[in-house]
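Okay, thanks for coming, everyone. Let me put the model up, and then we'll walk through some helix packing and the space inside.

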Amino acid sequence: MGEVKDTIPANRRVFIANAVVTLASFQYGVDFGLIGGLQAMKGFLEVFGFPAPKTPNGWNLTTERQQLISSLMTLGAFLSSGGAGFLAIKLGRRHCLWLACVLCCVSNIIMMTTEHIIVLYVGRFINGLANGLFMTFAQLYIQESSPAKYRGLFLTVFQFGTSFGTLCGTIIDWATAKRPGKSAYLIPLGIIYIVPAFLAVALFFIPESPRWLLLNGRRAEGVKSLARLRPDGADVEDEAAVIVAAIDKEKELSNGIGIIDCFRNPIDRRRTIIAVGGVTSQAATGSMFIIAYKAYFFTMAKVADPFGMSCVLSTIGLLALIINSLFVVRYGRRRVLLMTGLLVCGVLQLIIAVVYDKNPGTKSTGRVIVALTSLYMFSYNGMVAPSAWLTGGEMPSQRLRSYTFGLAAAIGFFMAWLTQFTAPYFINPIALNWGPRYGYIWFPSATVTAVWVYFFLPEAKGRKLEEMDEMFEHKIPARKFRKYVCVGPLRAEGKLSRVATQEEATVQTVEVAQK
């Protein structure tokens, strides 16, 4: 058999499959972009807010309503992602994404047809359940179907989908914000139906996650799925054998598959803690405060054209992800990117707070805040966001992946919810009225998290998920992962003719003697 090419054209089928799944992140981003803008939209505030002559647009929301509109979505995402392990017992990754599409459409019907705030809350909560399923199971699919070489690129593109969706949502809000009456917010909400409808159809044309199939004892289907996702001529039987061997090796340590098993033995406990820490590291920068309330934040900071500046902010974040995707395959070390991004974002939050504290409410301060916030979004999207989700998905064990990553995503959503729920107390003029001074809180938070990354987060660049299993089982310290040479789960048993191991971009071939 000739050498199998590992190029992008050769891997076109897995690129197409992951492009379909990435629509889930686009939908999540659209929701964030739209809902964040609605809260600064006069047509929306006339229905759900109250007159406030002293505010820039003459209307405002109570702190309680502002909190719940934003945070109930995140609370729903917390619950659905936390239940990912239980759903994965019977449902594959595709079926859970289909369920998310249905819930998304149901929630949107509720939000578009009501003028009662309680019913709007219900719609936001159901929308959160959908978004939790979108973000958790789409990333599980990408992690489980991707070749090690391209896993970082796919997760960066996934984050690109979120940011591009946010930009689209923000632009739609900007285009409709000045329309009179309810149409200002009903048009943006109506556009939400497009992505779930397209995704629901496209999912029929991609295979189920091969690792999920193999974990559930469906080997023939798992091999068939691998064959559809790998280059022509690839030895999918060998790859399936390695995956099954790694799963069997884990089961020797513990047969349990449940949320308690994530903490039952020291190896799984370590992997769970690192996965949770990796995903929640993005919350430590205060990103959800900027992303969810950027239009409102700019309005209260008296920035000219807050909706236009929100579009600029989203575009800059998108540009950062494009730049990240250009070098993540070759140079994208997770630890370095995440640690650097955390420190830069923390310092920028501090500078924003100091600038506003010294000279609040002026046009010059507004311009400086826009510039600093743009740098913040460039750093966050370019280094923190893709690395955080990526590390969280690379750490879990094979048999507990749905539970561990679901738990990590749930806690990540909970921290985002906590930020969204408490932010109005700090930035709303009828509460503490801190405005951009809120950044004082996020500088120490980001700094402490960067220190944790340095000491505890392993480097997973270029590693197969089965290699991660081996290194965790051998209790390799986090800072030694990058240079450790793996031998593979089947070498000693002589079941494979070779085991490919990677250190950086080098592939080492190990010949196995047959007895």
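Predicted model: local features only at pLDDT ≥ 70, side-chain atom pairs only at ≥ 80, totals over all residues.

So, α7 and helix α8, residues 183–191, pack at an angle of about 150°, with their axes 9 Å apart. Helices here are DSSP runs of H or I with at least four residues, numbered from the N terminus. Axes are lines fitted to C-alpha atoms over the stretch in contact, and angles run from 0 to 180 degrees between N-to-C directions. Over 145 degrees counts as roughly antiparallel, and α7 and α8 are therefore roughly antiparallel to each other.

Residues are numbered from 1 along each chain as its sequence is written, and side-chain values use heavy atoms, with hydrogens and water left out.

Now step back along the chain. The axes of α6 and α7 come within 10 Å and cross at roughly 155°, so α6 and α7 are roughly antiparallel too. That crossing is right-handed.

What about α5 and α6? Helix α5 (residues 93–112) and helix α6 (residues 117–145) have axes 8 Å apart, at an angle of about 160°. That makes α5 roughly antiparallel to α6, but α5 passes α6 in a left-handed crossing. The contact of α5 with α6 has 20 nonpolar, three polar and three charged residues. For those classes, Ala, Val, Leu, Ile, Met, Phe, Trp, Tyr, Cys and Pro are nonpolar, Asp, Glu, Lys and Arg are charged, and the others, Gly among them, are polar.

On a 1 Å grid over the protein atoms alone, a cavity is a set of points where a 1.4 Å probe fits but cannot get out, and lining residues have an atom within 4 Å of a point. A search of the whole structure finds nine cavities of 30 Å³ or more. α17 gives the most, five residues. By class, the lining divides into 14 nonpolar, 12 polar and one charged.

Last one: Y28 again. Y28 and F413 form an edge-to-face aromatic pair, 6.1 Å centre to centre with 70° between the planes. The cut-offs are ring centres within 6.5 Å, and planes over 60 degrees apart for edge-to-face.

How values were computed: Helix = DSSP H or I, 4+ residues; strand = E, 2+ residues; numbered from the N terminus. Parallel < 35°, antiparallel > 145°, perpendicular 65-115°, else oblique. Left-handed = near helix turned anticlockwise from the far one by under 90°. 1 Å grid on protein atoms, 1.4 Å probe; cavity = no way out; pocket = protein on both sides within 12 Å on 5 of 7 lines; lining within 4 Å. Points joined across faces, edges and corners; volume = space filled by probe spheres on them. Phe/Tyr/Trp six-rings, centres within 6.5 Å; stacked < 30°, edge-to-face > 60°.
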